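Please look through the sequence and the 3D model below before reading on.

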Amino acid sequence: MSDLETRPPAADAGNGLKRNAIGTGGIAFLVISAAAPLTVMAGVAPVAIGIGGIGAPMGYVVAGAVLLVFAVAFMAMTKHVKAAGGFYTYITLAMGKTVGLASAILAIVSYNCLQIGVYGLFAVQTQAMLRTLFGLDVPWPVVALAAIAAVWFLGYRGIDVGAKVLGVMLIAETAILAIMGVGILARGGAEGISFASFSPEHAFTPGVLAILAICFAAFMGFESTVLYRREARDPDKSVPRATYIAVGFMSVFYAFIVWTVIQAYGNGNVVTAAGELADGMFFATINQYVGPWAETVMYVLIVTSVYASQLAFHNAINRYVYMLAKDGILPAFLGRTHPKYKSPHRAGQIQTVLAAVVILICAIANADPYKHLLIWVNTPGIVGIVALQGLVSVAAFMYLRRNPTAVTKRFLIPVSVASAVLLFGVVALIAVNIELLTFADAATNAILLSVTPIVFLAGLLIARRLRTARPNVFARIGSFETHDS
């Protein structure tokens, strides 16, 4: 048994997540769907082009390369961490229960910021689709609340059902982007095909460095592969494979699509076009190079893309809450699974209610669904997840140094150090360029950036309190509900 393994009590027999429910493909679909490729391309890539210029594709390549280094360090511990608690259990194993619990609380808050904030994007995109295709004008809170109900339903039905639905949606949204890219190249773009985007003079400019935060945000959720370990078939192989597939695919695909859009307008005109067309850039591009039918399809698929992202994040959050409940940190009822579907349905119900409450508060406050709900609520989530990735890299270094038998490749320890340095460097870049994400004033940006350290500090204080007031609960942090139990 690994350092984290304990046996669950007999009373819990039969209460657990569904075993052998998904393989490598299903896990990859879940985590790539969380990133919502069509959404981050159509909704955010024009901003990256406007700031980074024709070198913008390299921003996605650099982000993918850094995250691939992280994945190598992350996956080095996979065979030694049998629990399904994601960052929580990895950090606990290497850095102790106090830091582990703080990281779990930060992960829950960060994923909730990402998931709940994106309901604002869902509402905006769905409103645009309904208005363009059907002439309907539906209030955004109504759209967001309907999405919350739809996400809850599939999450309730279990991970295997969700993975199948996400697989279909992911293939569809990837296909429409690929069709657009091929259509642009087939017609030679606006000025012929150019590879100037990847030349050093364009690929490593201050503008490209400035958009790294935007590029990293496009990968959010890929690290959640380990959360599905308990439900995976042959997890020692399927989890690492799914992680590498997710990072590799997104990096290459994002760079390719952004590069083709640059070809559609030409190196000299694309920045101006990105500024003028904004989030309508991809729709105008596919209309011109493929046809009006493709623009209509893209309007529909961008809605399903955001929905797929919401479902993937919902599943990830529920598994963090489930693990903390099994460890005794959160109320025990949150650690129960559905008797038929084996989904963490109680955790899902709480997350659903929380999302609905935030939407209603925003509606009452007359908040803007894009600026306030999406951008401002998402930003602490992005900062928190990248910071946790850096912390996991430190944990991997510490664990491998203490356990030489786990160092199966000589490069693992240097890679874990490089990963930590790179990721914390990204956190610093995000902080320096925060206005590119939020378009907010200095005071608002300071508040948004302070969420991550405040939540982490609160987690440390809660852990220290548990150690003295409830030592039996503290002893269980990061050590329950293993894959092999």
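This is a predicted model. A place to begin is the lining of the second largest pocket, where α11 supplies the largest share, three residues. Two elements give two or more residues to this lining, namely α3 (56-75) and α11 (235-265). In total, 15 residues line the second largest pocket, and M75, A76, K79, T408 and L412 lie nearest its centre. The space inside the second largest pocket comes to about 320 Å³. By type, its lining residues are eight nonpolar, four polar and three charged.

The helix α11 can now be looked at by itself. With 31 residues, α11 reaches 45 Å from its first C-alpha to its last, close to the 45 Å expected at 1.5 Å a residue. Is α11 largely enclosed by the rest of the structure, or largely open? Of its 31 residues, 22 are buried, so α11 is largely enclosed by the rest of the structure. A residue counts as buried when its relative accessible area is under 20%. Just after α11 comes G266, which takes a positive phi of about 90 degrees.

The next stop is the largest pocket. Its volume is about 510 Å³. The lining of the largest pocket has 29 residues, and those closest to the centre are V44, A217, L374, I375 and N378. Which element gives the most to this lining? That element is α16, with seven residues. Each of several helices supplies at least two residues of the lining, among them α1 (24-35), α2 (37-52), α5 (97-134), α14 (292-326) and α16 (369-402). Sorted by type, the residues of this lining are 22 nonpolar, six polar and one charged.

One of the helices on that list, α1, is mostly covered, with ten of its twelve residues buried. The buried residues of α1 include T24, G26, I27, A28 and L30. V31, I32, S33, A34 and A35 are also among the buried residues of α1. The span of α1 can be checked as well: at 1.5 Å a residue, its twelve residues should span 16 Å, and its end C-alpha atoms are 17 Å apart, which agrees. After α1 comes A36, whose phi is positive, near 55 degrees.

From single helices we can turn to the chain. Its secondary structure comes to 20 helices and zero strands. The chain has 485 residues, and 60% of them count as buried. Contacts across the sequence can also be counted. Among contacts between residues at least 6 apart in sequence, 84% join residues at least 24 apart.

Where is the place of F195? F195 is in the loop between α7 (159-186) and α8 (200-203). Is F195 buried or exposed? Its relative accessible area is 57%, and a value over 50% counts as exposed. F195 is therefore exposed. F195 also shows how sequence and space can be compared: F195 and G55 are 140 residues apart in sequence, and their C-alpha atoms are 9.9 Å apart in space.

Terms used. Residues are numbered from 1 along each chain as its sequence is written. This is a predicted model: local features need pLDDT of at least 70, side-chain atom pairs count only at pLDDT 80 or more; totals for chains, interfaces and linings use all residues. Side-chain values use heavy atoms; hydrogens and water are left out. On a 1 Å grid over the protein atoms alone, a cavity is a set of points where a 1.4 Å probe fits but cannot get out, and a pocket is an open set with protein on both sides within 12 Å along at least five of seven lines; lining residues have an atom within 4 Å of a point. Grid points are joined across faces, edges and corners, and a volume is the space filled by probe spheres set on the points. Helices (H or I, at least four residues) and strands (E, at least two) are DSSP runs, numbered from the N terminus. Ala, Val, Leu, Ile, Met, Phe, Trp, Tyr, Cys and Pro count as nonpolar, Asp, Glu, Lys and Arg as charged, and the others, Gly among them, as polar. Buried means under 20% relative accessible area, exposed over 50%, partly exposed in between (1.4 Å probe, protein chains only). Contact means heavy atoms within 4.5 Å. The expected span of a helix is 1.5 Å times one less than its number of residues.
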